[in-house]
Amino acid sequence: LLLVNKNNKIPENFDVELETVEKNHKVDKRIASSLKQMLSDARNQGLSPVICSSYRTNSKQTQLFNNKVKQYTDFGYSNSEAEELASYWVTIPGTSEHETGLAVDIVSKNYQKLDEQQEETAEQKWLMENSYKYGFILRYPTDKKDITMINYEPWHYRYVGIENATYIKEHDLCLEEYIEYLNNL
């Protein structure tokens, strides 16, 4: 239950053992079988989920973040304003769940844009309803962006384990709320 966000950086000593799950996509080896099973079960339902992003190195995350910052500075924002705006779409390097190997972005083969319309695909509807059974949660729900500090991403799934994912789903929580709940037990 590693919480990684703007206020919680990846620990300095963090290490991940990776396993390839599909094509060149790698994830933390501990979640690989659950991810493979979830994708297989979705495909057995006639769906076509595709992993579009998985584990990222810190240098890859830095590149993605800097590209987003540049988009905002090109629109005339100051560098500090651009960094703040970019951080709602691309997490700051060292704070990205992709760097842990515990997160994947999954889209429909028939609609591969990373926008809110992704939620209308049959693949996302199935994943939103069933991912918890495999230990995954929709990490950045639309109604929790004030808490997660990340805009709605209906394609970003994070592994937390079946028991935790079930509780989070049943109680309509985001990971930050769940961690706070656990800390107050």
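On a 1 Å grid over the protein atoms alone, a pocket is an open set of points where a 1.4 Å probe fits, with protein on both sides within 12 Å along at least five of seven lines, and its lining residues have an atom within 4 Å of a point. Keep that in mind as we walk through this predicted model, in which local features need pLDDT of at least 70 and side-chain atom pairs count only at pLDDT 80 or more, while totals for chains, interfaces and linings use all residues. Residues are numbered from 1 along each chain as its sequence is written, and side-chain values use heavy atoms, with hydrogens and water left out.

Let's begin with the largest pocket. Its lining counts 21 residues, and R56, W89, V90, L114 and E153 are the ones nearest the centre. The elements that contribute two or more residues to this lining are β3 (49-53), α2 (58-74) and β6; here helices (H or I, at least four residues) and strands (E, at least two) are DSSP runs, numbered from the N terminus. Helix α2 gives the most, with five residues. The pocket holds about 430 Å³ of space, where a volume is the space filled by probe spheres set on grid points that are joined across faces, edges and corners. By class, the lining has eight nonpolar, eight polar and five charged residues. In this scheme Ala, Val, Leu, Ile, Met, Phe, Trp, Tyr, Cys and Pro are nonpolar, Asp, Glu, Lys and Arg are charged, and the others, Gly among them, are polar.

The second largest pocket has a volume of about 250 Å³. Among its 14 lining residues, M128, L138, K169, D172 and L173 are the closest to its centre. Strand β5 and helix α6 (162-170) each supply at least two residues of this lining, which divides into nine nonpolar, one polar and four charged residues.

Now for the charged pairs. A salt bridge is a side-chain nitrogen of Lys or Arg within 4 Å of a carboxyl oxygen of Asp or Glu, and by this rule the model has 11 of them. One joins R158 to E97, with the closest N and O atoms 2.8 Å apart. R158 lies in strand β6 (residues 153-159) and E97 in the loop between α3 (79-86) and β4 (103-108), so this pair ties together parts that are 61 residues apart in sequence. R158 is buried, at 1% relative accessibility, and E97 is buried with a relative accessible area of 1%; buried means under 20% relative accessible area, exposed over 50%, and partly exposed in between (1.4 Å probe, protein chains only).

R139 and E176 also form a salt bridge, their closest N and O atoms being 2.8 Å apart. Because R139 sits in strand β5 (residues 136-140) and E176 in helix α7 (residues 175-183), the pair ties together parts 37 residues apart in sequence. R139 is buried at 0% relative accessibility, and E176 is buried at 11%. E97, R139, R158 and E176 are linked in a network of salt bridges.

Finally, look at the bridge between K36 and E19, where the closest N and O atoms are 3.1 Å apart. K36 belongs to helix α1 and E19 to strand β1 (residues 18-22), distant parts of the chain, 17 residues apart. K36 is partly exposed at 37% relative accessibility, and E19 is partly exposed at 28%. In α1, the buried residues include A32, S34, L35, M38, L39 and A42. After this helix comes G46, whose phi is positive, near 90°.
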